Amino acid sequence: MAYQSKSNRKFLATSLTAAMVASAVAPAASAASTFPDVKEGSFYFEYVSALAEAGIIDGRPDGSFDLGGKLNRAEAAKMIAKIIKLDTTDAPASSFEDVKEDVWYTDYINALYAEGLIDGVSETMFAPNKELTRAQLAKLVVDAYGLELDASAEHPFTDVKEDVWYTDYIKTLYKHELIDGKTATTFAPNEPIKRADFAKLLTEADWAVGDTLDKPMVEVVGVNAVNATTVVMSFNSAIGSVSHENFSIDGGLNVSKATLSADGKSVTLTLDGNLVDGNTYKVTAKDIKGAKGEVAEVLEGSFKWELTNADAISLSKSTFHPGESLVNYLEVRDENGNVVSNENFKAVTFTSDNTTVVNSSGVAQDKNGTANVTIKVEYKDGTFSTQTVAVKVEKVVIADNKGFTFVEKADYSDAPENTVEFNMLAAAGDADTSVFVGDSEYIAMYNNTSDSNPMDKHLSPSEYEFTSSSPLVAQVGQNTGAVTGIAAGKATITAKHLTTGKTYKAEIEVKDAPKLNGLSVSANQLTLSDEAVDGTGTVVTGVNQKMVELEGLDQYGEEFTANFGTKSTDDTDKQVFTDVFKSGDVLTVATDSKDFKIAVDNKGVLTVTALGTDKAVNGAAIKVSYKASASDASAKYSSTINVNVVNVSAAATLAEAVKNASSIEVVSSATSTNAKYEGTVYDDVDFMAFVKDSNGNRVADATSLLTVDVAAADQAKYILDDSITHKVQFATTARKLMTDSGSASVNWEVKSGTSVFTGAQTLSVSNTYPAPHEVTVSNQNVFVKATDAVSINDILFGKVSKNEMLLDSDDGNYAYAIKAGNDGYVSGLAPMVSAKDNTGKSVALGANVYGLTFDGSDMADASAFAVDSGYDLEAETVVTNTTGTAKYDGSKFTGNGTLTLIVNEVYVKGDTRTDKNLLASPVTISVTVK
């Protein structure tokens, strides 16, 4: 049992209070609280609240803010104009033909245009209902607040290239810490901005450089004594840098050091003396600057330092592996069961009755067995406690675990065939390392020991015993590897070989099962012409008929599985589905308008078709509502699609429509494309053309008359193919040859008889496939034997050793990988060439690439760097300065002596493009032949 040198051992502070003394009042209920989807404490709450309280933003017609919804250009114009306090009453009319008088957004757009703060999508069109992109928002905010562009500012975004119109705007906002990427390295400039992200950027910009929104006040939310010399002060938001001079404490003590936490929301204060048991202390903070620029002159918080009695010493586990230290698992608890911080300890010592198992330092030794260990904890006040515990040490062989992925089939037939294929899966970021609560999947684990064969399959479950470190989080079948998620959290799955004891470990994550968390519609605003003509019928998609995708979203923002197969009501103004996301639920899509009809198919695609009533309709709406149960009084989730119908005069034929057209609108399926592809599928871009009347309304689909042509220089530079009607795609060689990223100009023409319309669009192009972008050639001296028939290609690109390769029985194309412990090359002839892609990452080449092929029983060209459809590197060289009888006969080195090999060029061999030198400058190599 535990011994205590004092009957009333005391060491832990348990009582604290905090108070704030500053010029602040209790906040009123936030305007954001009126939005049911903006919850207090959520990430976006303070941003939406600030804008709503200032009257800058409005919600959706259903009362929600619609955090994940898209923002159109007109909505953005209204918010920007209001937050920078523009006079919208007397601004002259803009030159945009689609910005009509007496529309809600007209005055805002006119005011911004008059100040030179906004551009249209063309000289005559503003496209108020078009979604605002992230790049367009960056420019709008920089211009609105008059920020000085900084072209030299750095940023981490790989998809924000130099010499693109939006680059400097994104750089400037990033410099001022006003904008984030979609990920740590991508900005997604051409993606639509979400309403939540817009609220965050606009709020932080105004806090930083504007004067419309009230800046948030910094407040103290708690003061806590960690030990007798350490106090932590916590704040409601991140603060700026501080020093000990910003803080003071009463009771005759001083603050000698102040350390700001990583998140900026707390400061650890080190005192120059000890706190006294039973005393209450006041901590004062002065001139604290918030992360948004606000300054709190005086903040105060108080706490009481009160000690409680000690109770027990223990270890959090009883079985240890060699090398583990018991002190890392030591727990001391007070009489209330609270863990005591080691900040209260002066020293911890161990006494073992079996030092061959656990030594006197409390470290487990390399021997199986048990030991009784007495633990003595000395406290800073001179008192101590002891406890004797039984410890077991168990030797295990921990294998070098390459990794794991979850698969669905019990026979593991859907698992990667071998370690090489798993490496490819993991490198692509496609290894599945988590399961959902309630789901069961099978864990496929792979090894990476020095004596292993890379063609080895995953561990065979029947040969291993599986255990879970946290059965309350995840359970695992003892001999099946089937992992079942029990509760959200992390667990370690251990696989121990039944014979050798070799052990593999994998840390998995269990996530809450996906749950419906809202509805998503692909468009909140539709404008239809009341009639159309395309020469073949009266209904034309994109003119008098448009589609909207309906989806459910889970808590992770992903699409939630839906079933639109059970339709209980199928009317032209009302569509009702049951059992969509779960049994008994109801999804209703309805409208009161008689000027268009609606229909939803079994994939959740809503089709809206104008009925040709020859009248204009403004403010009509389609309501999408969801009830978890038919008996629910109100909808759990809802969304509104606003519909306008314009009255047009459609021509009898397409030719007549083009002849009478005011303009032609050409739209593309995407604004960017990537040369990387899966199999033979490229990221194609399709173009469509629409005839527009004098009012800017679509009246016909003219895609059949459309031709597109990529500018010749861009076509060559980016290896683009425009030979397919209405489509632009990369040529088949682009993935291995296209190393430049930028913008390509796509010219278009719509022609009917003597009526000709032309224009151009910009297409962002890139290549994320790891093709060689630059190469380096080593200039080390080379020694070759004349009898080995070594070529220049062998020296530069390596001579592959067939004896070091292995057949992959799972691939009918004779794909090979390297045997363990070898490099895949004939001795002394590893490649002198190395390559990097256009992001600066190394490109796997030669025998190190899974997928080298054999031609029957013979090795393919040793200089071929094959991967999938692959690419070949070639070199242009010169041989000079020969001595002795050494020479190169065009295919091999012969004789005896030395010579100089000058490598002038290294390039990717291509059939449809002029070769491009990837070598920065010539490299000289000395070759000795014997």
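**Close-up 1. Ring pairs link F560, F581, Y626 and Y637 into a cluster.** The model is predicted, so local features are described only at pLDDT of at least 70 and side-chain atom pairs count only at pLDDT 80 or more, whereas totals for chains, interfaces and linings use all residues. Residues are numbered from 1 along each chain as its sequence is written, and side-chain values rest on heavy atoms, with hydrogens and water left out. Rings of Phe, Tyr and Trp (its six-membered ring) are taken to pair if their centres lie within 6.5 Å, and the planes count as stacked under 30 degrees apart, as edge-to-face over 60 and as tilted for the rest. By this rule the count comes to 20 aromatic pairs.

**Close-up 2. F96 and Y113 form an edge-to-face aromatic pair.** The centres are 5.0 Å apart, with 65 degrees between the planes. Because F96 lies in the loop between α2 and α3 while Y113 belongs to helix α3, the pair ties together parts that are 17 residues apart in sequence; helices (H or I, at least four residues) and strands (E, at least two) are DSSP runs, numbered from the N terminus. F96 is buried, with a relative accessible area of 5%, and Y113 is partly exposed at 33%, where buried means under 20% relative accessible area, exposed over 50% and partly exposed in between (1.4 Å probe, protein chains only).

**Close-up 3. Y412 and Y442 form another edge-to-face pair, 5.9 Å centre to centre and with 65 degrees between the planes.** Y412 lies in the loop between β17 (401-407) and α7 (419-427) and Y442 in strand β19 (residues 440-447), so this pair ties together parts that are 30 residues apart in sequence. Both Y412 and Y442 are buried.

**Close-up 4. The buried residues of helix α3 pack against α2 (73-83).** In α3 (residues 106-114), the buried residues include T106, Y108, I109, N110, A111 and L112. G116, which follows α3, has a positive phi, near 70 degrees. K78 has its place in helix α2 and is buried, with a relative accessible area of 17%. Leaving aside residues up to four places away in sequence, K78 touches D58, W104 and Y108, contact being defined as heavy atoms within 4.5 Å.

**Close-up 5. The buried residues of helix α5 pack against α4 (134-144) and α6 (195-209).** In α5 (residues 167-175), these buried residues are T167, Y169, I170, K171, T172 and L173. Just after α5, E177 takes a positive phi of about 60 degrees.

**Close-up 6. The axes of α4 and α6 come within 11 Å and cross at roughly 20 degrees.** Axes are lines fitted to C-alpha atoms, for helices over the stretch in contact, and angles run from 0 to 180 degrees between N-to-C directions. The two helices α4 and α6 are therefore roughly parallel to each other, a term for angles under 35 degrees, with those over 145 counted as roughly antiparallel, 65 to 115 as roughly perpendicular and the rest as oblique. R134, L137 and V141 in α4 meet D197, F198, L201 and A205 in α6. By class, this contact of α4 with α6 has five nonpolar, no polar and two charged residues, with Ala, Val, Leu, Ile, Met, Phe, Trp, Tyr, Cys and Pro counted as nonpolar, Asp, Glu, Lys and Arg as charged, and the others, Gly among them, as polar.
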